[in-house]
Amino acid sequence: MRFKMCVSVLLLCASLPGAAQFDEVVVTIYFSGTNLDGSMWNDSDSPFDRPETVASLHRAQLADDHHHKGIVDGIVQNLTNDPFTPPWAEQLDKAEDIFDERPACSGECVILNLVGFSRGAVSTLHTAHSFYANEPSLKKINILAFDPVPGDRLRTSAIFVLPPIAEYVGFYANDERSLGFAPVIPSDANTDEAVDLFLVPGAHNTMIGSVYRNGHRDAHGESESRLDPISRALRIVATELLGSSAWGAVRFDPDGNGSVAMDWYEGQDDAAALRDQFVNNTLLPIFDSYYGFMREFSLVAPADIDFREGWSGGDCVNTDTADHSRLSQRCVYTDGFNGTPIGQSDGPLTGVDDLHWVDDFVNGEYRLWRLIEERGRFDTDNDDIDFAVDNCRARFNPDQIDADGDGYGNVCDADFNNDCIVNFLDFSLFSSAFLSTDAVYDTNNDGIVNFLDLTLVVNMFFNPPGPGAGSCGS
C-alpha cells in the first residue's frame with residue numbers, strides 16, 4: 001500500500017506551525033459501478049435516463065473544512081479487455097489518492113465512509129480491508145453497499161471479512177439473473193459494529209436509478225417511471241445514514257446541486273407524518289403494481305438469456321444443464337467470496353441469515369424505517385442532533401439541557417414529578433419555584449423561572465413530556 005506517510009505534502013504541511021488540525025475528519029469515498037462514472041448525476045449522461053444514485057450522492061454532498069469527498073469512476077468493461085478480471089488494484093489506488101488529500105488530524109481521528117454500487121460496492125470492501133490494515137488514523141469505517149457484485153474469476157476471501165471497526169449496510173437485488181451477477185455477502189465474524197442486510201425487489205440496476213422494465217440499461221426494455229420508488233427509497237436511507245453522527249454528519253444540498261433532489265422532508269417537521277409519507281408514498285408502492293409487472297420479464301439482459309447465474313446443487317440451477325424455468329432464486333457468494341469459478345456460486349440469496357425484505361414488519365414497525373429512525377440523522381427539528389438521541393425531537397434544542405436527567409430536555413419537559421403526565425401536581429411544583437433560578441423549572445434555559453416558562457407548562461397540560469429519549473413512551 002502506498003500511503004504517503006510523513007513525506008506527503010499534506011502531512012508535511014500539517015506539521016508546520018499554524019496549520020489547521022481537526023479533532024475529527026470525515027472522508028467519504030464513492031465508487032461507481034462498472035461502466036458508470038461521476039458524471040451520471042446528470043440524467044442526460046446516465047444510461048438510465050435518470051440520475052444514478054452514487055454519482056448523485058457525491059454531487060450533492062456539501063463540503064466544509066473537515067469533510068472531504070471524492071468519487072472513483074467505475075471499472076471499464078469492453079470487448080478489448082477481460083471483463084472477468086477487473087483491475088481492482090487501480091480502484092484501490094484511486095481511493096488512496098482521495099484519502100491522502102484529506103484535512104489533517106492526529107491520532108485515531110478519521111471516520112471513513114465508503115459508498116458503492118456493483119463492482120464499486122466490492123471496492124468498498126476491498127478498500128475497508130486495506131485501509132484498516134495500513135492506516136492508523138481510522139476510528140470508524142462505514143460501508144453502504146448497493147448490490148456488491150465481483151463479476152470476477154477468482155478473489156481472495158480475506159477482503160470480504162469486515163474489519164472490527166466496520167459498520168455495514170447492504171442492499172441486494174432479489175430479481176437479477178445474469179451470469180456474473182452473483183453478489184457477495186461479507187462475513188461479520190470480526191466486526192463489533194452493526195451489520196444490516198436488506199433484500200430489494202427489482203434487478204441489479206433498478207436500485208440505483210434504472211426504470212427499465214427488465215432492470216438493465218437503455219435499449220434493453222421499455223422505460224417505466226413507476227419503478228422510481230425503489231431508488232428513491234434507498235437514496236433517502238443513504239442521506240439519513242450518512243447524515244448521522246456515527247457516519248460523520250455528512251450534509252447534502254437539498255436540491256441535489258443539479259442532480260436528483262435530496263430533501264425528502266419537503267418542509268415537514270412532524271416525525272409521525274414523515275414516517276407515514278415514507279411508508280405509504282415510497283416503501284409500500286414498491287411492492288404494489290409498480291413492481292409486479294417486472295415478473296413478466298426474464299430480468300437478464302437479452303444477450304445473456306442463456307447465461308444465467310447458477311451453481312451446482314441446491315435450489316438454484318446450474319446454467320449448463322438445468323431447466324431455466326426453475327431458476328426462482330438469485331445466486332449468491334456467502335461467508336465471503338470463496339474463489340468459486342464464475343457462474344458457480346455458493347447458494348441462494350434467500351438462504352442468507354439476517355437478510356430481510358425492505359418491507360419486513362418487525363415488532364410493530366417496518367425494519368427499514370427503524371433503520372432511519374434509530375441510526376439515521378432524521379433531524380426533524382433541525383438542531384443537528386440525531387433523532388434517536390435527541391431529548392426533544394420536536395423542539396429546537398441544540399444544547400440538549402436536561403436539568404432533571406430524565407431523558408427529556410427542558411424545552412419539552414413540564415413533567416416535574418416525572419410521572420409521565422403534565423397536570424396540576426406539576427403546576428404546584430412550578431408555582432413553588434416561580435421567580436427562582438432552579439434549572440429544572442427553567443424550561444427556556446434563560447436563567448430565571450417566570451411567565452415565559454409558564455407558557456410551556458400550560459401548553460403541555462394533560463400531555464406527556466417530550467417526545468424525546470426518556471422512558472415515558474414519547
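Buried here means under 20% relative accessible area, exposed means over 50%, and partly exposed is anything in between (1.4 Å probe, protein chains only). The model is a predicted one, where local features need pLDDT of at least 70, side-chain atom pairs count only at pLDDT 80 or more, and totals for chains, interfaces and linings use all residues. Residues are numbered from 1 along each chain as its sequence is written, and side-chain values use heavy atoms, with hydrogens and water left out.

Salt bridges come up first. Taking a side-chain nitrogen of Lys or Arg within 4 Å of a carboxyl oxygen of Asp or Glu as the criterion, a search of the whole structure turns up 12 salt bridges. One of them pairs R375 with E167, with the closest N and O atoms 2.6 Å apart. R375 sits in helix α8 and E167 in strand β5 (residues 166–173), so this contact ties together parts 208 residues apart in sequence; helices (H or I, at least four residues) and strands (E, at least two) are DSSP runs, numbered from the N terminus. E167 is buried at 6% relative accessibility, while R375 is partly exposed at 22%.

Helix α8 also supplies R367, whose partner D196 lies in strand β6 (residues 195–200), so parts 171 residues apart in sequence are tied together. The N to O distance in the R367 and D196 bridge is 3.3 Å. R367 is buried, at 16%, and so is D196, at 11%. A further bridge, R377 to D384, also comes in at 3.3 Å, N to O. Here R377 is buried at 19% and D384 is exposed at 51%. Salt bridges with shared partners join K140, E167, D196, R367 and R375 into one network.

Now for the cysteines. With a disulfide taken as a pair of cysteine sulfur atoms within 2.5 Å, the count is 3 disulfides. In sequence order, the bonded cysteines pair up as 1-2, 3-4, 5-6. C105 and C109 are joined with an S to S distance of 1.9 Å, and the torsion about their S-S bond is about 70°, so this disulfide is right-handed. C105 is buried at 18%, as is C109 at 1%.

The link of C392 and C412 has its sulfur atoms 2.0 Å apart and is left-handed, with -90° about the S-S bond. Both of these cysteines are buried. C420 and C472 are joined at 2.1 Å, S to S, and their link is left-handed too, at -75°. C420 lies in the loop between α8 and α9 and C472 in the segment after α10 (451–459), so the pair ties together parts 52 residues apart in sequence. C420 is partly exposed at 30%, and C472 is partly exposed at 23%.
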